[in-house]
Amino acid sequence: MKEVKGCGMRSSVGFLSQRRLFGDPLLKEEFQRLRLAGCTSLYKKDMLGHFGCVNAIEFSNNGGDYLVSGGDDRRVLLWNMEKALHARSAKPLKLKGEHLSNIFCLAFDSTNKRVFSGGNDEQVILHDVERGETLNVFLHDDAVYGLSVSPLNDNVFASSSDDGRVLIWDTREPPHGEPFCLANYPSAFHSVMFNPAEPRLLATANSKEGVGLWDIRKPRTSLLRYGGSMSLQSAMSVRFNSTGTQLLALRRRLPPVLYELHSRLPSFQFDNQGYFNSCTMKSCCFAGDKDQYILSGSDDFNLYMWRIPKDPEAGGPGRVVNGAFMVLKGHRSIVNQVRFNPSTYMICSSGVEKVIKAWSPYRQPESLGDLEGRVEEKSRSLYTHEEYISLVLNSGSGLSHDYVSQSTQEDPRMMAFFDSLVRREIEGWSSDSDSDLSEGAILQLHARGRRSARAIREITGIMDGAF
């Protein structure tokens, strides 16, 4: 069979990956399932458009034809995935509503006609996708870390904030109306998500109180605190599977953990040599047509994919699955965000770099890598602490978020700063404290930057004690 350039090994592969298969949809699902299961690596391609770290990415619903992204450059970009992967000079669409500080979270509504964005400027902006216009702004009392749109009603969304509250908003209410407060803790909520099958239920990740399950009919008190005797943990991300029967969570300095919806004890934890998530805030997600895999970024610049064992009872509660199904290499700094598109089996990931990486079991034009991991990655050496300080001093300014230059090129100062965090963690310069100070120092320094080398050194000194 003749090979078609840019469509993978054979033209049938390209047909299945590029187009919807009319007739029996199960044929496409089975083909993609088997193809991914047979890979040990994936093709990858960079998507360039941001001028700073990319802190949030989300695929559109019902096919994932679009990707929305946001980050330190305060801009919300909308990518047409087909154009981004196949057109040489394709650029994303910049939505007109621009944040005053870093963007931390994004969400599409079910129609993909509206996008919600939240961040460090204490507000959520509602964007019209087709016109790019701002439809509304919802003001908060502190930074917004998580967003989720109700599966039942596109006018209802939840936000989680640094002020320790989870709020439920209705876009039809007056702009300055008071939202419904579902939860109010002294510590920050980093993530929130509606259950896709039972929208009255929401899951949260809190910086001190761990992972919780909430019923919108019973505010202020959680239904369930996950983790058993270890429920008081620092949690940064929580995700439901597509049927709402399982929860995947990320906890600071601990491996990803999987819970059955109504069980406080973990079913499985997932680990791999080299994986750790100590230095930055990360998210995780399910992958596969039946949510049979999980994905998480790591401080070692890699993206990890694990298989979920088929028998939840295998090995007893909390069994550790030691060994990732796939380790995706190619990022040049910490990987914070990852999302999977079940329609195309596309994975997108981002983090400290200005790039979004698109991973696929199908070859795209100008993509790199292979499916067997035979192509060796050119790894880079970590900057030393001294090199980091030297870069800041020689530049004459701190890590200010001034994007006048609008450059998509790699920023060695930013890379060196996060290398310094990684080295500090590896070398054991940190305390065992899991306090808000450590997360606050990370988020605030990363979010607001510092205007001078002196301030950089002062914050670095704080973080020496915080870690």
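## Two buried rings

Y275 and W306 are both buried. This is a predicted model. In it, the ring centres of Y275 and W306 lie 5.4 Å apart. Their planes meet at 85°, so the pair is edge-to-face.

The two residues come from separate elements. Y275 sits in the loop between β21 (268-271) and β22 (284-287). W306 belongs to strand β24 (residues 303-307). The parts are 31 residues apart in sequence, so the pair ties them together.

## A stacked pair

Y293 and F325 also form an aromatic pair, and this one is stacked. The distance is 5.0 Å centre to centre, with 10° between the planes. Both Y293 and F325 are buried.

This pair, too, links distant parts of the chain. Y293 is in strand β23 (residues 293-297). F325 is in the loop between β25 (319-322) and β26 (326-328). The two residues are 32 residues apart.

The structure holds 18 aromatic pairs. Y275 and W306 also belong to one aromatic cluster.

Elsewhere, a charged side chain meets a ring. R75 lies over the face of F51. The distance from the ring centre is 3.9 Å.

## Cysteines

How many disulfides does the count give? It comes to 0. Are C39 and C279 buried or exposed? C39 has 3% relative accessibility, so C39 counts as buried. C279 has 0% relative accessibility, so C279 counts as buried as well. The cut-off for buried is under 20% relative accessible area.

## The cavity

Where is empty space left inside? Rolling a probe the size of a water molecule over the atoms shows this. A search of the whole structure finds 1 cavity of 30 Å³ or more. The largest cavity holds about 40 Å³ of space.

Residues lining the largest cavity include Y185, F189, E209, W214, S222 and R225. T204, N206, G210, V211 and G212 line it too. Two elements give two or more residues each to this lining: β15 (201-206) and β16 (210-215). The largest share, 4 residues, comes from β16.

What classes of residue make up the lining of the largest cavity? There are 4 nonpolar, 5 polar and 2 charged residues.

Methods: Residues numbered from 1 in each chain as written. Predicted model: local features only at pLDDT ≥ 70, side-chain atom pairs only at ≥ 80, totals over all residues. Heavy atoms only, no water. Phe/Tyr/Trp six-rings, centres within 6.5 Å; stacked < 30°, edge-to-face > 60°. Buried < 20%, exposed > 50% of the residue type's maximum accessible area, 1.4 Å probe, protein only. Lys NZ or Arg CZ within 6 Å of the ring centre and 35° of its normal. Disulfide = S-S within 2.5 Å. 1 Å grid on protein atoms, 1.4 Å probe; cavity = no way out; pocket = protein on both sides within 12 Å on 5 of 7 lines; lining within 4 Å. Points joined across faces, edges and corners; volume = space filled by probe spheres on them. Nonpolar A, V, L, I, M, F, W, Y, C, P; charged D, E, K, R; others polar.
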